[in-house]
Amino acid sequence: MAASNQEAVNEVYTTLFPKLWQEGCGDYLNFGYFNQSCNTLTEANDYMTDWIVEKLGITDSSYVLDIGCGKGKYIAEVAKKSGCKFLGLDIAEHFIESGNTLLAEQYPSMSSNGQLVVGDMLDLAACLGAASGKFTHVLALGSLFYIHDKMTPFLESLKPHVADGGVLLIHDFSRNVPLCKVKDVMRHWRTTADTLDTHDYLTILKQGGFDLKYYSDDTDMGLRSCQWIVDTADKIAADVPNKDQIFTFWVLRDALKDRRILHNTIITTIRDPTLNDV
């Protein structure tokens with residue numbers, strides 16, 4: 001990943017966010033799935049890990065790569081619930097350091113199932129030396145919007161590390177309007193990549209050799225998660241002036257509310273390269 005993107009990732013999470021994610025989201029660094037029994041974002045993320053294990057058919061024979069794993073909370077919960085082997089990858093060293101502490105303290109029985117490593121999703125060949133084979137499942141939960149301009153080379157670099165018929169689950173944003181109408185969101189995301197249009201996003205996946213198996217427009221659920229974060233930030237950072245102009249989630253909430261930005265769940269499988277594209 002370019003230095004500017006790495007700096008952007010670090011900048012987003014060095015001010016309010018560490019306290020916000022820990023106190024408001026239980027160390028999950030993402031949106032969750034709210035069902036009728038979920039009252040908090042932590043509960044929604046717990047439910048989402050249940051959904052991932054069941055929907056993707058992850059078992060104790062699975063080997064799961066979590067790209068942009070943050071502190072490793074998601075992959076640790078998936079491994080705890082399924083018994084799978086795993087590798088978590090994130091470019092932010094402080095996330096991996098915190099994640100290894102979290103694994104040791106909260107998931108000691110998972111130490112033999114996998115590890116978290118520092119690495120760049122745009123240079124997978126250099127950072128997956130710790131892998132013990134090809135992955136049956138790949139998770140990209142809210143991490144790919146930083147590289148929308150590099151999705152094609154990313155997918156190409158991912159394929160050699162995924163088993164035949166392997167599953168890629170993506171939670172990501174896309175735009176539902178012309179690019180000029182979401183520039184404010186991109187500025188708050190501190191990303192140099194133009195946010196992809198939803199149709200273009202799905203087309204890039206297909207052209208990259210990944211067949212669409214499931215798509216869900218989960219913008220309403222994303223909006224609920226985003227609103228939870230805004231409300232929590234208001235409580236824990238009441239004395240921070242101009243929060244709504246500084247931090248991402250006020251702008252993102254408004255963009256989700258008027259559907260300029262969509263929040264998507266996408267499941268694909270890697271296509272057998274011997275088959276013709278149809």
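1. K150 and D149 form a salt bridge, with their closest N and O atoms 3.1 Å apart; the term covers a side-chain nitrogen of Lys or Arg within 4 Å of a carboxyl oxygen of Asp or Glu. K150 is partly exposed at 25% relative accessible area, and D149 is partly exposed at 42%. Here buried means under 20% relative accessible area, exposed over 50%, and partly exposed in between (1.4 Å probe, protein chains only).

2. The model is predicted: local features need pLDDT of at least 70 and side-chain atom pairs count only at pLDDT 80 or more, while totals for chains, interfaces and linings use all residues. Residues are numbered from 1 along each chain as its sequence is written, and side-chain values use heavy atoms, with hydrogens and water left out.

3. The structure holds 11 salt bridges. One of them joins R260 and D184 (3.3 Å, N to O). R260 lies in the loop between α12 and β7 and D184 in helix α8 (residues 183-189), so this pair ties together parts 76 residues apart in sequence. R260 is buried at 15%, whereas D184 is partly exposed at 25%. Helices (H or I, at least four residues) and strands (E, at least two) are DSSP runs, numbered from the N terminus.

4. D50, E77 and K81 are linked in a network of salt bridges. E77 is also among the buried residues of helix α4. In that helix (residues 73-82), 8 of the 10 residues are buried, so the rest of the structure largely encloses it. The elements covering these buried residues include α3 (41-56), β1 (63-67) and β4 (135-141).

5. The largest nonpolar core has 54 residues, and L65, L144, F154, L158, L252 and I261 have the most contacts inside it. Such a core is a set of buried Ala, Val, Leu, Ile, Met, Phe, Trp, Tyr and Cys residues joined through side-chain atoms within 4.5 Å. Helix α12 (residues 248-257) gives the largest share, 6 residues. A second, separate core of 28 residues includes I58, Y74, A76 and L139.

6. In strand β7 (residues 261-270), 10 of 10 residues are buried. Both faces are covered, with I261 and H263 among the buried residues on one side and L262 and N264 among those on the other. β7 runs antiparallel to β5 (residues 162-175), joined by 9 bridges, and antiparallel to β6 (residues 210-217), joined by 7 bridges. Strands pair if DSSP finds at least two bridges between them. S174 stands opposite L262, and D211 has T269 as its bridge partner.

Notes:
Contact means heavy atoms within 4.5 Å.
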